Amino acid sequence: YRHGEAGEVVVSTPDGAVHFGEQHPVVLVAGPCSVENEEMIVETARRVKAAGAKFLRGGAYKPRTSPYSFQGHGESALGLLAAAREASGLGIITEVMDTADVDKISEVADVVQVGARNMQNFSLLKKVGAQDKPVLLKRGMSATIDEWLMAAEYVLAGGNPNVILCERGVRGFDRKYARNTLDLSVLPVLRSLTHLPIMIDPSHGTGWFEYVPSMAKAAIAAGADSLMIEVHPNPAKALSDGPQSLTPDRFDSLVQEMAVIGKAV
Ligand code: PEP
Ligand code: MN
């Protein structure tokens, strides 16, 4: 990574090129934790697009703490993401957990996500570094900034220059009130260390939908280039991460509140 330079990552989507970086408007990424069925993913895509999102997020392969929790619909969910992409024009961001799945995921995804639990999965980093789609690299839940940047370096060294860093909260000591501790101080620190664009995920960063709007607005005030927000049409029925998901109506209101904070959204 390069010091002291403004960088950008340009991603092509069905609706055109989207620029992530300090010189550009905040890019909104929204959608459910998991892709559950066609109706919910297409409806969510339409709603978040109408609110101003440029990307739909949604997991096909889910890294769950318990093997008995919903693991994602896998390959069939990739097909649903492709349908939502077609229906909405949004770019798609979805997580890859296994080197064996990189090729089929990068056929559908406009940005390939490496999740917190795989931030230092070096064979996965090498594999996504050797393909063409931009990579969203989430911070490991106890990763230092140097470890995170070196993980990004694996992708860059593999020949893929398009990495977006995503802060999603680190493991804190008071998990009664916050699933993770969202470390917004990474914004000025990373800005001074790297040219790579910075996304903030206040959904995983707090764990509760009530706290997402405050932290989303704080992230914009502190200079985030992009936000990732979990949105579900019926959070009470979500198969994963319902408690931290906004409804489409709440997402709408948040986008309006965010527009007055900083860079145009
Ligand atoms: C997710 O984005 O749904 C996810 C699993 O995130 P993280 O890797 O940050 O826990
Ligand atoms: Mn989630």
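Predicted model: local features only at pLDDT ≥ 70, side-chain atom pairs only at ≥ 80, totals over all residues.
View 1. A few terms: strands (E, at least two residues) and helices (H or I, at least four) are DSSP runs numbered from the N terminus, and two strands pair if DSSP finds at least two bridges between them.

View 2. Strand β7 (residues 135-138) and strand β8 (residues 163-167) run parallel and are joined by 4 bridges. Pick out L136 and you'll find its bridge partner in β8, I164.

**View 3. The manganese site.** Four names to look for around the manganese ion (ligand 2): C33 (SG), H204 (NE2), E230 (OE) and D241 (OD) coordinate it at 2.0 to 2.3 Å. Donors are N, O and S atoms within 2.8 Å of the metal (3.2 Å for Na, K and Ca), and water is not among the atoms, so sites may look incomplete. In sequence, the spacing of the donor residues reads C-x170-H-x25-E-x10-D. C33, in the loop between β3 (27-31) and α1, and E230, in strand β10 (residues 226-230), link distant parts of the chain, 197 residues apart. C33 counts as buried because its relative accessibility is 3%, and E230, at 0%, counts as buried too. Buried means under 20% relative accessible area, exposed over 50%, and partly exposed in between (1.4 Å probe, protein chains only).

**View 4. E43 on helix α1.** E43 sits in helix α1 (residues 38-51). With 37% relative accessibility, E43 counts as partly exposed. Now find P233: E43 and P233 are 190 residues apart in sequence, yet 7.7 Å apart in space, C-alpha to C-alpha.

**Notes for all views.** Residues are numbered from 1 along each chain as its sequence is written, with chains lettered from A and ligands numbered from 1 in the order in which they are written. Local features need pLDDT of at least 70 and side-chain atom pairs count only at pLDDT 80 or more, while totals for chains, interfaces and linings use all residues; side-chain values use heavy atoms, leaving out hydrogens and water.
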